[in-house]
Structures are given as structure tokens and as C-alpha cells.
Amino acid sequence: MNKKASKAQKNRTFFLSFFKVKKNRDRLIHLGISILAVIIFILAWDLYAQLQNKPYLPRPHMVFDALIASFFNRDPFSQRYMGEHILASMVRILYGFIIAFILAVPLGLLMGWSKHVHNAGNPIVELIRPIPPIAWIPFAIVFFDEPFDTAFIVFLGIFFPVLINTIFGVKRIDPIIIDAAKTLGVTKRNMLQKVIFPAVIPTLMTGIRIGLGIGWMCIVAAEMVGVTGGGVGFYISAMADVGRYDDMFAGMIVIGILGFITVGGASYIERRVSRWMGMR
Amino acid sequence: MDGNALIKIEHLTKIFDSDDKSVSAISNLNLTIEEGEFITLLGPSGCGKTTILRLIAGLEIPSEGIIYERGEKVEGPGPNRGMVFQEFALFPWRTVIKNIEFGLEIQGMPKEKRREIAMHYIDLVNLEGFENAHPNELSGGMKQRVGIARALANEPDVLLMDEPFGSLDAQTRNIMQRELLGIWQKTNKTIVFVTHSVDEALYLSDRVVVLTSRPATIKKEISIDLLRPRDRAGKEFAKLRHEILGEVEEEVTKAIASERKKEES
Amino acid sequence: MKKVSKNKLMSIIGIVIIVSVLLLAGCFEEDGEKSIKAVKIAPKDMKASLDSGDIAGYVAWEPYCSDSVVGGVGKTLHLSGEIWPGHPCCVVAVEKNFASSNPDLVKHFLKAHMEATTWMVNALADNTSMEYSLLVDIAVDFTARDEAVVKEALSHMTYVYLLTEDFYDGLKEYTDKLIEFEIVTDDKISERGYEDTEDFVDKYVDETYLQDAATVTPTSTSLGTVRVGYLLGDLHQLAYPVAKNSDVGGGKSLFEKYGVTVTDASGAPYSNGGDEMDHFEAGDVDMGYLGSAPAVLKHLNAGINTMILAQVNNEGSAIIVAESIDSLKDLRGKKFGIPGFSTVQYFLLRMIAEEENIKVST
Ligand SMILES: Nc1ncnc2c1ncn2[C@@H]1O[C@H](COP(=O)(O)OP(=O)(O)OP(=O)(O)O)[C@@H](O)[C@H]1O
Ligand SMILES: [Mg+2]
């Protein structure tokens, strides 16, 4: 490495470290505001619950106790720990997600790339897309066996955002990049793999993030209707059934946290991948 | 056919047909480009320069006429005609070195070998130390160095350069022009260069082809026999500049007039 | 170079985690094989679910049991009386504040209920009587099942309004069991202000209204309106449509006879007793017909302000299974329909399963 280059390298690292310091301080402030807002929210909830004094609106500490207890005691209906319910829900989401991903990405690439495939696929997609996944529950319960009945609902929730974002991502690719690839010897056959797919990854990740959020909504709704094998959605509905509202809220909070972690994780990965790929 | 003609363009015509109108971009253009030549296509903005390059590259299909490369009809894009774009057109998800390796990777060359070749071109375009940077971390000049190295790594017969320095500042532009000449001399490549800067054309080329306003045909061909490195402030340079500027300005005026006429009608 | 291998490593780790999670989940599934998998299904859908093979059996109230038997879709594995003889079932419950501010109205309502129940018992005693065929007509109308199903179902019914000693014992046994099953935590008894389960049953069941109702006489003045909660097509609660029927009272319904105006509570009929308790809490229901199980369970767990005033029926539920099932053991690893986790039907399943040492999960 010659002198000029190493100097440039140095310049780069200096530049980055400067940003880091400023960023860390900003981050601390942002985090502080967020934590404060959560505390205020919990206090307001507690106050309101005390004023209402109704079992169906338990106070935060009761919900917290129920939440902790749920991890160490089996529930009386399915004899499962909360950990097992979480696992059951996650497995369903995972199945739905994997199947949605495997189908939506290639289909999205093709629909974005080829007018004919788009013309063929679009009316069907646009007809099915507005149907809320939850509307498919009665069908799914009869048509599929556990865990694919619930996974199917999740699949529907994730499939469309991933598909639409993939199509959008392909259409958004600068045509000049395609031309450049052609002059570099890329043929029709490896264009998808070498150019279209990598170019689409950041938009695709956005689709995944949105899809996972919808996935958690779907899984709870699906599990609340006649499901075997437990699941957090089941836990919520069973506890509501017998009037144990503190446990019900505990289940709801579990869903909230899981959704937050999954979507937060996905958006972290999304940012990391975009940055790592040098896009955005 | 001429023995050392690399590219031969015969009766080239290009008409863009869209739903509501048809634009005639090139009309009956004939041109022969010699092996190893640095030729510049010079013309007013919008006259069809890019279209000619894209036709040579095989990215567009002629409406009429034929383009030969080494006696063979051009029927689509291929790695033996490398292109450098004004907008750089780098792959943003690939690092500098992976951008440069791209063509070799497509050919299926083993990893170590293409690394070696890519490093050679990184050296040639002075990008040492930036191998693993992504395009969005680079300045415009550096991006275009990657663009040039990427096109060269495929070892094409001809390098088609469409206003490659058009978006760079004047200083960088001058540096890049000088370096390009160095690269050209080292690699003995044929270069077809497009610009609307008379100065740039004069500084770089063996031959300047002045194009008419749209639809483009050849207005005048001028051989530049000045020794390199050329002195932009020199007398000969100034004389040639004056001559070519006259030709170009005539076309610019025509172009503006025809625009006006269109607006009026 | 380093970067690439790190990313590869990350993706390998990711895939390993995903696969192991899926495999792990498979192991838990194994465990579930040995237990009966209870799933919540609306009773009206149970016959179709059994027919389609989605479930291997179910437990429900009449007429949803006889519906499958008469329709040839399933057979009776256990009548509820075999599982727990004379077990308490449906009751008349009241919102406490409503009772204390309208005691007279409540007593007149109960009088109509008593008379309707007595009329039904008499009608059922002679199935050649005019009253019997009127009862069948009312039941067909109320349950939307055909006559054969209704007649079969009626033969399993015992209508009773009295708060008998057995009822008190049954309710206490039930409450103790709920605590044993941990569906109700034992601290809930004291939280609601009771000393123990016996004290709870004594206080939660108030027989003074029923005793006073015995002396109530017909009246031509209107005493007020009661918003009544009841379940969808539940044959147990037939006393309600009977007391509303003008043919039974000879031109005037029994409610009218005692100066009571009734309207269906908002959202009624409900799909299970738990639902109805929620509507009590929401202030939609003044008095209601519902299972004693949800009335107890949701009062204890959620503090819903109700109490029990009279019985409506006992027994009258059954476990219905597909033809291929011959014992409870055959149900292990299979899906089994229940009306809800707060119902006496689910509780009956738990009782017999415990007796036969079979796990019930989901
Ligand atoms: N794909 C296309 N469809 C329709 N018209 C086109 C297309 N490409 C170019 N044109 C038209 O052809 C003419 C020549 O365009 P071209 O881009 O080749 O000009 P140019 O000389 O490169 O201009 P500039 O100096 O702006 O780069 C223009 O009028 C342009 O609008
Ligand atoms: Mg151009």
C-alpha cells in the first residue's frame, strides 16, 4: 500500500470516529426520551386502573407478577409454560415466514422483471391481497393440520408485503445498472441472480420487516380460534375465557415484546445489511 | 473491408418510436474506427451521441444500417465492447474490487485469478487502499476510476466512454483526462469518447468527429496531430479550438432554431 | 476475505438456530400426543367439525349432543349424569345491584321461572299430552333443531328450580376442584371476601328471593323491564322461552302474568356462559340464564358482581364421539371440542379424564 492510500484510509477512520461520538450522545438522548415516555405511560395506566378499580383492567404490577409467574408455572389448560407458548407461536411464525419468503421472493423478482408475468400475476395478487389474513382462519383450520393452519395465516400476512416490496424493488432499479451489467457480459439467465436480486435486497428487507409485524398480529388472531399445541394467542384467549385478566394482559405484553424484538431485530438487520451492502 | 478497422458503421439510422411521436436520433451515419485509435464524437447536447455509443455497445438495435466489430455484425451487448457511463452505473452493493471483478466473475474465472487481475486495474486507476470501499463512500472522480477499471478488466477491444467526466468538477476533470491518456497509452485500447466539450476533445483525441444537430450525421472529421501531452494554452491548440468551436456552434444554433420552430407550431 | 467468512458463519449459526427450534418444537409435539387436545369450538359448529373429522369428539350441552347422535354423526360416550350424578348445570343469576334495587321485580321474575319449570316437568311426564307437544314446538323454535333431535334431547333433561342441598354440595365440590385444577387460584376466595369455599357458596347463592317468590301472586300492573341474558339454542334454558310463550299461560305469558316485561339483553343470545358474564360486567344484563360454572368462575376470577338465585336444570350434557372411539383413552392425541374453558362441560371432561388418569391439554 502506498503513502497516498494509507493517508486516505486514515482520513476515513477519523471521519467515522467523529460521527460516532456525536451519534452516541444523540442516541443516549433518544433512548432517555423513549424510556421516560414508557414510564409515564405505565404510571398513567396505573392511575387509570386504580380509578376504575375493575378486574378487567388490572394494575401494571399485577400484570407484571402474572407475567413472571407465567414463565414458572404451567397454565391450567394446556399445561405449558409461557416459554413453550412463545416457542409454539414462534415456530408457526417461522413456518409461515419461510414459506412466504421462498414463494414471494422469486415470484416478486419475476413479476418485477417480466411484464408478462406481472400481467398474469397482478390481478390475482390484487384480488387476494385486500382480504385480511384473519378472514382465512375458518378455511385454514379445516384445510390444514397444526401447525400449518396457523402458519398459513401468518404466511398470508407476510407473503404480500414481501412480494409487493420485491416487485417495487425490481422496478426501482436504475436501468443504467442493467445496461452496465449487459455490457459486462451478463446474460438474461444470470441477470436475476447477479444483478436484480442483490439490488433488491434492501427493499426486500423492508418487506420482511413489515411482514413480520403483520405476522405477529396474524398469529395471535389465528391462535385465538380453536388451535391445539398452545401459543401465546391461545394463552390470551383462554385466560380471557375464565376471567383471569391479569394473565391475559401478561400474554398481550409477551406478544408486544416479541413483536417489538422481531420487528426491531428485522429493522436492525435491514439497516446493517443496507450499510454493509453500501446501499443507503 | 479495411484491414485494421475495428468498428465499421454503415448507413446507421435510429428512430425512436413511441406511442405519440417518433424521434429520429441518427440519420445515415457512416464511420470507421481504427484499432488503437482515440476517437471523440463531439456534438451539441441532445444530438444523439449517447445513442451512437449505445448502438455500438449493442444496447440499442439500429433502425437501419449495420455496425461491424472486427468484421462481425454487432447484435447485442457483449464483454468485448466495454462501456463507461456518465452516471458511473456502479453496482452499489459491491465493493470497489468486486465491481471491477464483476465481468470476470460472470465469465466464471476462479477467485484468485480475478482478484489478481482486479488488483492490477486498481493499481492502474490509482485506487489502492479503496478495494473494500463501497461506491457510496467514493467521490465522483473515484467512482469513475472504478467505472473505467471495471470496463477494462474484461479486456475489451474497445472502450466506449459516454461523457465520463461530465459530472466532475473542472480540476478533477483535468486530472482524469491526463490519467485516461496514461491508461490508454499503457493498454493500447481503442477508445470511443463522447463529449460536448471542445477542449476535452482536443486534449484527448487522435480524431474528432463533429456531429450535426439531431438527427446526427457526421458534419466534419478532424485529425489532431498535436504531440501529447498537449498544451491547452498553446497556439496550435487555440487555432484548432477556434475551428471546431465554429463548426459546433453552427449546429447548436441550428438545434436551438429547430427547437423554437417546434414550439411555435 | 475475513468479512465474507464472518458473514457465512453468521448465516450458518442462524440456520442452525432455526432448524433446532423447529426440531425442538417437534419434541414438544411428541409429549402432546398422550393427552386429549381440547379446542374451543362454538357448540353449534361441533356437529360439523365431528362430521368433517376435524375433531374426534366433543362435550356440549343439549341439543348439540342429540343433534349428532340422531344425525348419525357420532355416538354418546358418557352422559354427564354418569360422570357426575346430579351435577349442577344452568342457573338464574342476577346482577347484585339490580337485585337490591328491584327486589320485587326479581321475585316476580323468579315466580314466572318457577311456574314455567313446573309446567315443563308436568309436560315431560306425559309425552302424549297437549303440553308435551307444545313444549316440543317451543323447543324446536328455540333451538332451531328438528323434532327428532329435540325429543331425544328432552329425554335427557331434568328441569328443576329449587336450590337443593345437592346443588350447594355440587357447587362447593366444583369450586374446590377449580382451585385444585388451578383454574382459580385459592387467594381469589379471600380476595372476593369469602372465608372458604363453603362460605363462598353460602353467600353466592341467595335463596331468599326464591323463598319469597313462592308467595308472589299474579298482578295486572307492570313492575318493570328485565334485560335477560341467555345462550344460543341451549335446551337447558327452555324455561325462558316457555315463560315468554303466551300459549303456555293461556293467552298471556307467564312473565306478563306476573307483571314482568322481558327483553333480550344486548348481544344475547351468547355463545357461552363466559360471554354472558362479560355482558353482566358490561352492564348489558340484569338477569340471566347461564351455566353455574361460568357464574362461579368469572365471579371469583374477575369479581363480576353477580349471584345465583335459582336452578334451571341439572345434568343434560354429554360427551359425544366419532364412531371409531370406544373409550376416553382412544381420544388421546386427538382434537376434542369444548364450548370454552369456563364451562361446566370442560370441567366434566377434566373430571372424567382425571378419573381415568388421562391428561387433558390443548
Ligand atoms: N429510448 C429513447 N426513446 C425515445 N427517444 C430517445 C431515447 N433515447 C434517446 N432519445 C432521443 O434521442 C435524441 C438523442 O438522444 P441522446 O441521448 O443520444 O443525445 P446526446 O447527444 O447523448 O445528448 P446529451 O448531450 O444530453 O447527452 C434525444 O432527442 C432523445 O430525446
Ligand atoms: Mg448523452
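Start by selecting Glu105(B) and Lys194(A): the two form a salt bridge, with their closest N and O atoms 2.6 Å apart. A salt bridge here is a side-chain nitrogen of Lys or Arg within 4 Å of a carboxyl oxygen of Asp or Glu. The model is predicted, so local features need pLDDT of at least 70 and side-chain atom pairs count only at pLDDT 80 or more, while totals for chains, interfaces and linings use all residues. Residues are numbered from 1 along each chain as its sequence is written, chains are lettered from A in the order in which they are written, and side-chain values use heavy atoms, with hydrogens and water left out.

**Chain B against chain A**

Stay with this pair of chains, which has 2 salt bridges in total. Next, on chain B, select α1 (49-57), β6 (81-84), α2 (96-107) and α4 (140-153); each supplies at least two residues of the side that touches chain A. Helices (H or I, at least four residues) and strands (E, at least two) are DSSP runs, numbered from the N terminus. The largest share, 4 residues, comes from α2(B).

Now show both sides of the interface: 31 residues of chain B are in contact (heavy atoms within 4.5 Å) with 27 residues of chain A. About 2,400 Å² is buried between the two chains, 65% of it on carbon and sulfur atoms. Buried area is the accessible area (1.4 Å probe) that two parts lose on being put together, summed over both.

**Chain A against chain C**

Then pick Lys54(A) and Glu281(C), whose side chains meet in a salt bridge (4.0 Å, N to O).

**Inside helix α10 of chain A**

Last, select Met248(A), which lies in helix α10 (residues 245-276). Is Met248(A) buried or exposed? Met248(A) counts as buried because its relative accessibility is 13%; buried means under 20% relative accessible area, exposed over 50%, partly exposed in between (1.4 Å probe, protein chains only). Leaving aside neighbours within four places in sequence, Met248(A) is in contact with Ile236(A), Met239(A) and Ala240(A).
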